[in-house]
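Hello,

Here is the structure I promised to pass on to you. Have a look at it first, and then read on for what turned up.

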Amino acid sequence: QLQVSGTVFDETKSPIPGANILVKETTFGTVTDANGRYTIDVSANDVLVFSFIGYKTQEVRVGGQTTIDVALELDVSQLAEVVVVGASFKKTDLTGSVAALDGEKLTEIPTTSITQAMSGRMSGVLIQNNSGVSGGASIQVRGNNSIQFGTNPIFVVDGLVIEGGFNLINPNDIESINVLKDASATSIYGSRGANGVVIVTTKKGKRNQGRVNYDGWFGVQDFSKVMPRLGARDIFNLRVDAFANAYMDANPGGNRQGYIDNLILDENISLAFAPYEFETYKSGKSYNWLDEVTRTGTQQNHSISVSKGTDDGSYYLSFNFADNKGLMENSNYNRITGRLNLEQNVKSWLKFGSNTTFARSHETFVQGGVFSIANGANPLLPIDDKINYLKWAGMEVIDDYNPIRSLRIDGDGYQTRLLSSNYINIKPIERLNLRTTFSVDVMDQKDLWYAPRDIGQSVRNSTDGTAQHRNDHWLNWQWENTASYDALKGDHNLNILGGFSMSKNNWDYNQVDALGFASDDFSYKNIGGSYLRLRTGLNSDFTTNSLMSFIGRANYTYKEKYFATVTARYDGSSRFGDGNKWGMFPSIALGWAFSEETFFKNLKLDFVDFAKLRAGYGIAGNQNIPNFAYRSLYSPQFSNGSITYVSDGRLGNPNLVWEKQKQLNVGIDFNFLNHSLNVSVDYFTINNEDLLMQRTLPTTTGFTNVISNVGAMQNRGVEVSIDAKVLRKKNLTWSVSGNISSARNTITRLYGNVSEIFNKGGFTGVEIQREGNLFLNESLNSIYVYRFDRIAQESDMGFVSSLDLGGRIVRPGDILPKDIDENGVINDDDRVVVGTRDPKFYGGFASDLTYKNFSLNAVFTYNYGSKRISNLYENYMNGSGMSAAHSDMLNRWTPTNTNTNVPRAYNGGGRYGIRDVDLGVQDASFLRLSALTIAYSLPEETLRKVKMQNVRFYVTGSNLFILTGYKGYDPEGGDGYPMSRMIVTGVNIGF
């Protein structure tokens with residue numbers, strides 16, 4: 001037996017009172033006193049486990065030591081500290097709703113996109129991973145809180161507010177990500193944080209530690225799903241069936257088989273087939289044009305960093321190279337990023353720091369239609385790189401440019417970005433901090449395009465080659481100044497912060513479209529060589545918007561049991577007219593750590609380590625509308641020797657005011673079983689007023705649209721997150737985490753007495769669309785179509801003949817919509833809301849299992865109850881045989897196959913299609929295995945011998961499988977381009 005004593009410190013060398021010290025795999029232990037000191041009797045073979053709320057647990061083997069001092073490291077996953085506008089919160093002081101993710105969790109999924117790595121990890125945060133070679137994704141915090149403008153959260157990278165371009169940030173540089181969700185948490189950012197704030201904190205040098213780290217991986221990828229299309233033989237038979245059905249409709253007493261025999265008897269006079277299609281059919285071949293434009297993709301990523309910290313400062317330097325050769329031929333994306341983070345204590349009262357990153361990316365584009373055209377190409381058409389347009393039944397489809405020839409189009413995009421946040425912190429007297437931060441975000445984007453002279457895109461439009469140059473430039477800066485003072489100490493802690501900030505966003509672009517080139521040799525590089533000068537297009541624009549804000553906040557705690565945060569922000573935006581520019585946005589939040597009360601301790605609930613109740617209310621604002629929406633804009637045009645001023649179509653609205661969000665949040669946090677189980681639950685309700693929306697105007701007004709404050713909306717939801725350390729043995733550990741969220745929005749008021757606003761468009765411009773309509777007491781994301789009644793049978797023809805179908809035709813095998821109002825007429829009055837794109841709930845869960853030096857990690861994401869329209873599937877279900885068809889058409893209605901919901905084949909119009917009824921509305925629920933990683937780390941003994949800190953080898957499968965009933969490509973990424981599946985091998989090395 002040994003008596004071991006020592007002190008437990010934090011990272012600033014301050015003692016931690018109340019820290020837990022346990023002998024591993026026992027319940028024997030002690031806690032530190034008010035000075036952070038402890039004493040415990042143990043054996044030489046014991047392992048001591050040191051832990052404290054908000055810090056990472058640390059284990060130390062006793063050996064022969066009698067004095068063991070331990071410095072605990074902040075656990076960012078528990079949100080020990082979040083820097084916001086020059087101030088910080090501790091986990092125990094938080095009264096708002098915040099979701100946290102540390103950098104280690106981010107890198108569990110090998111990806112170059114931080115939004116993809118966040119997917120399913122945070123309650124209340126919905127990530128929609130989109131397709132595309134650069135790995136884009138959209139992010140939404142607590143559902144929809146605006147009808148049209150400003151639906152996305154802002155990203156704050158080391159204090160710098162950015163919008164867009166998140167994927168230029170290297171995930172390996174990130175120390176932590178914290179998402180502020182309610183008004184109390186986001187109010188410090190005022191109007192910019194109305195839809196959530198994603199705070200990204202990058203890495204810094206650790207005190208008294210010099211580190212060199214390398215992380216590299218290489219992956220091979222392929223499409224996770226291929227659309228099950230009909231091959232040549234099935235398309236041939238489908239077309240025969242479709243033509244025969246149309247013939248019989250027109251000739252009820254005709255000879256169906258005789259018509260079919262004539263249809264396929266003579267290939268030279270057939271109405272349905274071209275000679276080459278007969279030849280393909282007879283040869284038994286089937287042509288897959290998609291194979292000609294796709295390939296096996298590869299990705300690689302290499303990151304190296306050097307860091308060190310001392311008592312006087314720290315630095316962190318990193319470099320990253322990412323390369324993605326996409327699944328489409330000629331589609332590539334590569335990116336280089338460099339980061340330098342510096343922090344230096346010049347004097348005891350003076351500190352400065354800089355967080356700067358530079359990124360450069362290059363993407364080679366493939367024309368958007370290449371994939372979809374190749375995917376929908378005629379399997380009866382022999383592959384030929386000489387023709388300009390694809391054909392069906394011998395007829396050229398001039399919109400279907402030959403995808404193989406389209407690969408010859410040159411498309412290059414270059415993006416350069418500099419993000420730099422620089423601060424000076426002065427401490428003139430004890431407990432007073434003065435901080436000024438100046439940040440810039442400079443981005444240049446160049447897009448270059450050239451279509452050769454002899455491909456369909458040029459031939460159809462008689463352009464003899466088309467070149468395009470476009471240059472975009474953004475210069476955004478912000479200047480923040482704060483003063484914070486710790487007014488009280490001891491049992492009472494009061495921090496007061498006040499400040500002001502200014503920001504200005506500048507954007508300009510210029511674009512040149514030149515036509516007519518004598519040769520393709522110089523591609524887009526010789527734009528001056530164009531000779532169709534009268535058709536040259538020139539465009540440019542310059543815009544600026546600015547924001548000024550005054551901030552005040554008081555954060556009070558008493559005995560670490562009672563908490564209060566009061567915040568007010570006064571924002572002025574250039575996007576509103578005189579008299580409406582300024583808005584006040586206050587919030588208040590209270591917290592109560594009732595587990596620290598005497599009455600609770602007397603309950604002897606020893607399994608409860610910590611419990612806290614939170615409640616907050618605040619008002620947030622939204623000003624994310626186009627510039628000068630409060631004015632009508634005109635531009636001069638010269639015509640026939642005179643100058644006229646032409647409107648841009650928008651009527652200015654000088655009465656525009658801030659959109660307001662009144663947010664209530666109630667939450668509770670629990671820590672159980674020696675902090676091995678953490679549970680957080682939040683309920684929120686958001687009432688949105690003066691919603692900003694673009695309205696369509698009748699042409700008689702002389703304008704096409706106006707932006708107005710339209711009505712109100714309510715958004716309510718619940719969020720639950722759980723983290724559990726299931727096993728904590730010497731050689732075996734297992735932890736699981738999960739979250740589930742739900743958010744439901746309802747439109748509660750529109751302007752005037754209006755109960756619906758229809759989104760009209762289509763071929764005529766006045767057709768009611770399925771999405772984008774607004775209805776009182778319905779979701780913003782409602783889907784509005786006819787309900788599917790049934791596939792009509794011969795026995796239904798009497799009932800069908802009694803209906804007024806508005807000129808539509810319904811025969812046996814056709815779709816029959818439901819007559820909702822039962823008035824015998826099928827019209828727009830029978831259309832109803834059949835679902836919403838909003839999921840009923842969504843989230844993710846993860847499992848981390850470690851045995852000795854091996855580990856197995858799995859990350860799942862899920863979504864339940866959302867609906868989605870798959871235009872791709874609907875197009876493939878038209879049943880004509882004159883375009884690509886889904887394999888579901890094999891189960892189409894025929895006189896001998898009547899028990900089906902797939903309508904019959906038909907060549908012609910006049911019928912109801914799948915897209916007309918909710919039969920085409922897809923269930924977009926899914927369960928996805930986002931990542932599965934198997935890893936091995938070298939033992940500590942081996943590392944010491946080679947003087948290395950860590951070596952870890954891993955294999956990861958990304959997007960390995962998805963369980964879903966969705967008929968399109970992906971319920972999350974949509975139908976434009978399939979998601980990819982990737983197998984990655986990688987290594988982490990640290991010195």
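A polar atom in the side chain of arginine 405 lies 2.7 Å from the backbone oxygen of aspartate 454. Please keep in mind that this is a predicted model. Arginine 405 sits in helix 8, which covers residues 403-406. Its relative accessible area is 10%, and because buried means under 20%, arginine 405 counts as buried. Setting aside neighbours within four places in sequence, arginine 405 is in contact with Asp385, Lys386, Ile387, Asn388, Asp454 and Ile455.

Next, have a look at the strands. Strand 39 (residues 712-728) and strand 40 (residues 732-749) run antiparallel and are joined by 16 bridges. Three residues separate these two strands, which form a hairpin. Alanine 712 has arginine 749 of strand 40 as its bridge partner. Strand 40 also pairs with strand 49 (residues 841-851), again in the antiparallel sense, over ten bridges. Here serine 741 is found opposite tyrosine 842 of strand 49.

Finally, a pair of helices. Helix 4 (residues 232-250) packs against helix 5 (residues 256-265) at an angle of about 130°, and their axes are 10 Å apart. The crossing of helix 4 past helix 5 is right-handed. Among the residues making the contact are Phe236, Val240 and Phe243 of helix 4, and Tyr259, Ile260 and Leu263 of helix 5.

Enjoy exploring!

Best wishes

Definitions and conventions: Residues are numbered from 1 along each chain as its sequence is written. This is a predicted model: local features need pLDDT of at least 70, side-chain atom pairs count only at pLDDT 80 or more; totals for chains, interfaces and linings use all residues. Side-chain values use heavy atoms; hydrogens and water are left out. Helices (H or I, at least four residues) and strands (E, at least two) are DSSP runs, numbered from the N terminus. Buried means under 20% relative accessible area, exposed over 50%, partly exposed in between (1.4 Å probe, protein chains only). A polar contact is a pair of N or O atoms within 3.5 Å; within protein, one must be able to donate a hydrogen and the other to accept it, and residues adjacent in sequence count only if both atoms are side-chain atoms. Contact means heavy atoms within 4.5 Å. Two strands pair if DSSP finds at least two bridges between them. Axes are lines fitted to C-alpha atoms, for helices over the stretch in contact, and angles run from 0 to 180 degrees between N-to-C directions. A crossing is left-handed if the near helix is turned anticlockwise from the far one by less than a right angle, and right-handed if clockwise.
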